[in-house]
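I opened this model to look up its charged pairs and one of its helices. My notes follow in the order I took them.

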Amino acid sequence: AFIGWFLNSAAESTRQQQALEEDLRGISVAQVMNPTVPLAEPSMSVQDLVFDHIMRRGHRALVVEDDGRVLGIVSISDVRELPQEEWPVTPVARIMTPAPLKVVSPDADVSQALKLLVESELNQLPVVRDGRLVGMLSRSDIMRLLQLRDELHLQLRGGRDHVRAVRQRGGPSAHEAA
C-alpha cells in the first residue's frame, strides 16, 4: 500500500510540475524580474547587510559589486553560517558566493528559470544581458505572478503584454514581498 501511495504521489507531483511549466512557458524572465537590483560593496559589514538591507528593506540577497564588476552574491543563507558576534567585523566579501554565478537571461522563459532555481536550490538568480546585470529574479517574483494569475483569473499563455502590466503595477516588489 505504501509503495502505491508513493508512486501515486510522485505521479501527481510530476503532473503538477508539468502543468506549472506549461503555465509559465512563453513568459520571459524580463516580464517578471525585478529590474532594481540591491547592491553591496565588498567591504560592507555583515551587520549592516542584516540590519540595513535584510531587516529594514526586506532584501533576501544582494549582488556584491565593485566598480561595476560583479564579484558575487550574498544572501540570508550565507549570513546564517556566521555567528552573530562576528557580523560587525566581517565584510560581506568573506561570506558571499563568489562569481561566476548561475545567472539567467532576460529573454529566457520563466519556466526555464524556475527549473534552474529548483535544481540549484537557489532563491534568486541575477538576470544578465551581454555581461551586464539588468535585474534579479526570485522565487517570490514567480509566486507573485502565479498568485495574481489565480486571483485575477488571468490566462498568461500568449498574454505577454498583460504580464508586463502585472509586473509594473502588480503589488510589492520582490524585495518588499520577501
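I started just after helix H3, where Gly58 takes a positive phi of about 75°. Helices (H or I, at least four residues) and strands (E, at least two) are DSSP runs, numbered from the N terminus.

Before going on, I noted the ground rules. This is a predicted model: local features need pLDDT of at least 70, side-chain atom pairs count only at pLDDT 80 or more, and totals for chains, interfaces and linings use all residues. Residues are numbered from 1 along each chain as its sequence is written, and side-chain values use heavy atoms, with hydrogens and water left out.

**Helix H3**

Which residues of H3 are buried? I listed Val46, Leu49, Val50, His53 and Ile54. My cut-offs were under 20% relative accessible area for buried, over 50% for exposed, and partly exposed in between (1.4 Å probe, protein chains only). Seen down the axis of H3, these buried residues fall within an arc of 125°, so they line one face of the helix. The arc is taken from the directions from the helix axis to the C-beta atoms. On the other side of H3, I found Met55 and Arg56 exposed.

**Salt bridges**

How many salt bridges does the structure hold? I found three. The criterion is a side-chain nitrogen of Lys or Arg within 4 Å of a carboxyl oxygen of Asp or Glu.

One is in H3 (residues 46–57), between Asp52 and Arg56, four residues apart, about one turn of the helix. Their closest N and O atoms are 3.6 Å apart. Asp52 is partly exposed at 27% relative accessible area, and Arg56 is exposed at 60%.

Another is in helix H7 (residues 139–152), where Asp141 and Arg144 sit three residues apart, again about one turn. The N to O distance there is 3.0 Å. Asp141 is buried at 1%, and Arg144 is buried at 10%.

I also looked up Arg129 and Asp107, whose side chains meet at 2.8 Å, N to O. This pair links distant parts of the chain, 22 residues apart. Arg129 is in strand E5 (residues 124–129). Asp107 is in the loop between strand E4 (97–98) and helix H6 (110–119). Arg129 is partly exposed at 35%, whereas Asp107 is exposed at 55%.
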